[in-house]
Amino acid sequence: MPRQLGDLEDAVMTRVWQWNRPVTVREVLEDLQQERSIAYTTVMTVMDNLHQKGWVRREVDGRAYRYTAVSTRAAYSAALMNEAWSRSDNPAAALVAFFGMMSAEQREALRDAMRVVRPDRSEGAAPDGPGGEPPGEADAERPGEEPGEPADGAAPDAGR
């Protein structure tokens, strides 16, 4: 289980993830110095610690090392979310509370993610809810619809 990165570890890893290429301590140092006063040896120690913890791999390049991320920021974030969720004494309630904190953009990103990981319907998997939306989605009012009116525009008594 990954532990959350410290502030300086996160600042270093952010650069390694953003640049998405092997980086040196000097490159990270120069970029960090635009935001804060920091010593070369501090950055070198942090990058060595990240290597020891398995966040980066390194290869010798002359008298220096070049560091590369072992996994993506998305994988790191997902592991942290999974760890927090698995520690809850009531995972369903934790998810409900988490979803309640989401912005509209985050909810849309969640819907997109669910479409990616949802099983292939052609293999006989049943949809999650009416219309194939995640549970609760079909019950939400959509813009331009009257409350309680069918989403497909059919009359309320149609099909009875």
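Is Trp55 buried or exposed?

1. Basis of the note. This is a predicted model, in which local features need pLDDT of at least 70 and side-chain atom pairs count only at pLDDT 80 or more, while totals for chains, interfaces and linings use all residues. Residues are numbered from 1 along each chain as its sequence is written, and side-chain values use heavy atoms, with hydrogens and water left out.

2. Burial of Trp55. Trp55 counts as buried, at 13% relative accessibility (buried means under 20% relative accessible area, exposed over 50%, and partly exposed in between, with a 1.4 Å probe and protein chains only).

3. Aromatic pairs. Four aromatic pairs are found in a search of the whole structure. Rings of Phe, Tyr and Trp (its six-membered ring) pair if their centres lie within 6.5 Å; planes under 30 degrees apart count as stacked, over 60 as edge-to-face and the rest as tilted.

4. Trp55 and Tyr76. The ring centres of Trp55 and Tyr76 are 5.1 Å apart and the planes are at 85°, so this pair is edge-to-face. Tyr76 is also buried, with a relative accessible area of 6%. Ring pairs link Trp17, Trp55 and Tyr76 into a cluster.

5. Phe98 and Phe99. These two residues form a tilted aromatic pair, 6.1 Å centre to centre with 50° between the planes. Phe98 is partly exposed at 37% relative accessibility, and Phe99 is partly exposed at 35%.

6. Arg58 and Tyr65. Arg58 lies over the face of Tyr65, at 4.1 Å from the ring centre (a charge sits over a ring if NZ of Lys or CZ of Arg is within 6 Å of the ring centre and within 35 degrees of the ring normal).
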